[in-house]
Amino acid sequence: MRPQGHGPGAEGAEGSGPRGQPALARALDAGAVRVRRAVAELFNGQREIKAPKSAAGKRTVAIPSVIVADVRDHLERYAEHGADGRVFVGAKGATPRRNHFNRLWRRACEDAGIKGLHFHDLRHTGNTLAASTGAGTRELMSRMGHSTARAALIYQHASADRDRLITDAVSGLVEKGRKGVKTSQKKDRKHKGHAGDTGD
């Protein structure tokens, strides 16, 4: 049972959802999705169903429990019936073309009041959030389905940059606190020594 994801290079989850799709339903019970196939739209307009780009692309990915209900809702309302039912289908039952899907995505973003968000940005956001939890390079590679460390290191670098911003903010708070202490000491010159009245 392998419904396919759609769009340029979209990856498909093995199994299906609640509408006659027990395999994916069981996977969701475990909080995971198995990626086994991908659908690519070629430059000539044809689409090709194939294995992911590398062996690492075939993977089981744990998904945040907070979105499991949303995935179930999508499968129940929009996914195609059957063992090979597709996860994404158009209003007329066809696989969305890249351009058509992009129009739908932009419209959905406008309705939600979101500007400048590309569909692929969701992947980047997920990877950046994963890196921010302290996930290691190999762990990120496994989640992303990459066989090399290059992409994982990019997200770790982004996480490190954010950590530096946080550290700088903390430094600012400490500096502000120290200035407050110095101001207080200037107002009270009677204190001597660490305890104030124990200096000899």
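Tutor: Helices (H or I, at least four residues) and strands (E, at least two) are DSSP runs, numbered from the N terminus. Residues are numbered from 1 along each chain as its sequence is written, and side-chain values use heavy atoms, with hydrogens and water left out.

Student: Which pattern of helices and strands does the protein chain follow along the sequence?

Tutor: The protein chain has 6 helices and 4 strands. Read in sequence order, their pattern is β-α-β-β-β-α-α-α-α-α.

Student: In which element of the protein chain is confidence lowest?

Tutor: The chain averages a pLDDT of 75, and 76% of the residues score at least 70. Helix α3 (residues 98-111) has the highest mean, 90, whereas the lowest, 45, belongs to strand β1 (residues 10-14).

Student: How many contacts does the stretch of residues 1-20 have in the model, beyond near neighbours in sequence?

Tutor: Over this stretch the pLDDT is below 50. Where pLDDT is low, the predicted coordinates should not be read in detail. With contact meaning heavy atoms within 4.5 Å, the model's count for residues 1-20 is 93.

Student: Which residue of β4 is the bridge partner of A32?

Tutor: Two strands pair if DSSP finds at least two bridges between them. Strand β2 (residues 32-41) and β4 run antiparallel and are joined by 4 bridges. The partner of A32 in β4 is A62.

Student: Why do the buried residues of helix α5 (residues 137-144) line one face of the helix, and what is their arc?

Tutor: The buried residues of α5 are L140, M141 and M144. The arc is that of the directions from the helix axis to the C-beta atoms. Exposed R138 and E139 lie on the face turned away from the buried side. The buried residues line one face because, seen down the axis of α5, they fall within an arc of 100°.

Student: How far apart are the C-alpha atoms of T128 and H157?

Tutor: T128 lies in helix α4 (residues 121-132) and is partly exposed, with a relative accessible area of 31%. Y155 touches T128, as well as H124, N127, A131 and M144, not counting residues up to four places away in sequence. T128 and H157 are 29 residues apart along the chain, and their C-alpha atoms are separated by 9.5 Å.

Student: What percentage of the residues of the protein chain count as buried?

Tutor: Residues 24 or more positions apart account for 53% of the contacts with a separation of 6 or more. Of the 200 residues of the chain, the buried share is 28%.

Note on methods: Predicted model: local features only at pLDDT ≥ 70, side-chain atom pairs only at ≥ 80, totals over all residues. pLDDT = per-residue confidence, 0-100. Buried < 20%, exposed > 50% of the residue type's maximum accessible area, 1.4 Å probe, protein only.
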